[in-house]
Amino acid sequence: MTKYDLKDDSVVVVIGSGAGGGTLSNELCQKGVKVVLLEAGKRTEISEFVNDEWASFMQLAWLDPRTTSGTWRVAKDFPTLPAWTCKTVGGTTTHWAGASLRFQEHEFRAKTVYGSIAGANLLDWPLTLQELEPYYAKAEDKLGVTRTNGVPGLPGNNNFKVMEYGAKKVGYKTVHTGRMAINSQERDGRGPCQQIGFCFQGCKSGAKWSTLYTEIPKAEATDRLDLRPESHVLKISHDDSGKVSGVVYVDASGATQEQKARVVCVACNSIESPRLLLNSESSKFPQGLANSSGMVGRNYMRHTTGSVYSIFPKPVRMYRGTTMAGIVTDEAQLDTKRGFVGGYELETLSLGLPFMAAFLEPGAWGKDYAGALGSYTNIAGMWIVGEDMPQADNRVTLNKDVKDRFGMPVPNVHYDDHENDIKMREHAYQRGAEIHQAAGATQVFHTPPYPSTHNLGTNRMAENSRDGVVNKWGQSHDIKNLFISDGSQFTTGGAENPTLTIVTLAIRQADYIADQLGKKEI
Amino acid sequence: MLDQGMDRRVFLKSSGAAAGIVILGGGVMMAADGAWAMSLSKLDAKQGATLIRMSRDLYPHDSIDDGPYAKVVEGLDAEAVKDEKTATLLIDGVKKLDDAAGGNYAREEEGKRLAALRTTQGTPFFQKVQSAMISGFYNDHDVWAKLGYEGSSAEKGGYINRGFDDIAWLPKS
């Protein structure tokens, strides 16, 4: 195993080993760059994953203290759990469902296309779909996305068949088993999906792409990666010139260390990334690092979500098979006649009985609720993923009244639904219900949003340094050797699950960093 | 302590459950048909009976006997042994619930019980029992079996050859 000296200031330090950080680390190592990858969680391998919702949640989820505020339903139902992300080598790529969709062309130009929306802090991305297309292609090849590069689609499970039948009956045209980063046939040394049904709990067959067993071992094979699990970063340090110079972290033994660095890349997910920048405040940067715009932590997006679960007269057994291999894309198109801007995807989703009890209608009890859970085998489910509006005051801030075990202020996540979000959710609930009813549903639940898995926007990209934190390469406007490499750099959220775009941006960013290192620009 | 009742037993009629509850004393309660037993250390038998009845009123499943409900109550009792605050929360909460039902919650008919239960809704006591039910009862493998959830599948090879797409009742589209 490669080990770099703590004083080695020629290394690139990447913080976080998920879709952004794990991919970036491998891409850089392949180009000959020395990388120290710091991951707060342990290295838990496939053999240790468990097909058990609560046990897996305790094994993989990020459970450090957090607080919430705002009128969003999550703050009421899960006040200390705003997000369902992971603290483990591989990050949330252990938990993600695998849906891999490109953004649509107009979604990179939200402000231009949607116009001025009161209360929304919309902005166009500083890049276009055309610029990203070659990198999307590389990402799809890396992930083995079905329905791209000749990879066949996954077979449809029972939950999909119900959705497909109902969706076609109500007139939807584009209904299929999705573009999934889950092998439908052997590829890249990993076997095909076994329809296990526990995609969220870490894929036991390895058919689903996760940096844990793709990017990270490939990077290790170059002998250029120094992966340090259980390394929780507290602060990014800088020199007198204002360039970042290293990171301070607590290692697995509990000792505080400082790793020197030539470049620092932050990929801790959209809650921890801004928190780290804010916690890195200094006399030179009293507002936190990279924050001359005041945008660090702002414009937090989480997608407009919700689920439709419906009871049918006969068994569905939705939990059998791939969790999210099913999609209706018709509502994702640009169509402002529906009374809101942006679009949404409808994707199959299932929960096991334990999480169904917790999430179907949080707080509910009594005969009706127990009756619904008693009909568990007859339930089908789908998830709404829609574009939510960035709002300046939806933001991650430091809660200085609550400290974590290292004495650092915890993040507070504030979110208010925008009127556009509410209209979209209502529309999607209605359309989702119609799909299930067309397939014979007798009872429909509009399940409120779960803790967020799509956390976006809190260090957003902007052409102009006044409007955002990073440029089109994810490079800080203020500090040229500091990069953001996760979904927090998204300018807007689109209607698509974000991982493919995070991976795409990481591949592109690796090219840029290698180029800039070569030119001694950073 | 042995409770009063015929033949030193108290049968608590619980709708849906086939078995009554036999309080044996010494904190031990069991199903009249011997299907399950529960041992309490901190809570007494009457408190245990109230909590079982409350748990079932929160999440009633006619197909499930009192066993899995009793397991949740046993878990709460174990927590109360370790933590005095939890003990107080449960004992005071049960008392309020019993009082709201006129003295003995578990012996009242459904309408009166639910009215009493609603008076405690949202209290820390109510939330404690509710959350123990959500995370305990619905995570109980006996409950999974009764409600048809199959649990872990990887060790069985997933469902690729075991019915992931076996739905047969949808009309031909």
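A: In strand β13 of chain A, I379(A), G381(A), W383(A) and V385(A) point one way, while A380(A), M382(A), I384(A) and G386(A) point the other way, and all are buried. A residue is called buried if 20 or more other C-beta atoms lie within 10 Å of its own, exposed if 12 or fewer do, and partly exposed in between, with C-beta atoms placed from the backbone. Strands (E, at least two residues) and helices (H or I, at least four) are DSSP runs numbered from the N terminus. The model is predicted, and local features need pLDDT of at least 70, side-chain atom pairs count only at pLDDT 80 or more, and totals for chains, interfaces and linings use all residues. Residues are numbered from 1 along each chain as its sequence is written, and chains are lettered from A and ligands numbered from 1 in the order in which they are written.

Because eight of the eight residues of β13(A), residues 379–386, are buried, the strand is largely enclosed by the rest of the structure. Strands of a sheet pair through backbone hydrogen bonds, either parallel or antiparallel, and two strands are taken to pair if DSSP finds at least two bridges between them. One partner of β13(A) is strand β10 of chain A, residues 304–311, which pairs with β13(A) in the antiparallel sense over eight bridges; here S310(A) has A380(A) as its bridge partner. Strand β12 of chain A, residues 344–348, also runs antiparallel to β13(A) and is joined to it by five bridges, with E347(A) bridged to W383(A).

Along the principal axes, the C-alpha atoms of chain A fill a box of roughly 70 × 50 × 45 Å, and buried residues make up 61% of the 522 residues. Where contact means that the C-beta atoms of two residues, placed from the backbone, lie within 7 Å, 75% of the contacts in chain A between residues at least 6 apart in sequence join residues at least 24 apart.

Elsewhere in chain A, three strands form an open sheet of mixed pairing in the order β3-β15-β14, with β3 (67–69) and β14 (395–403) as the edge strands, each pairing on one side only. Within that sheet, β3(A) runs parallel to β15(A), residues 409–414, through three bridges, and T67(A) stands opposite N412(A).

Leaving aside residues up to four places away in sequence, C265(A) touches V12(A), V14(A), I15(A), G21(A), L24(A), F483(A) and S485(A).
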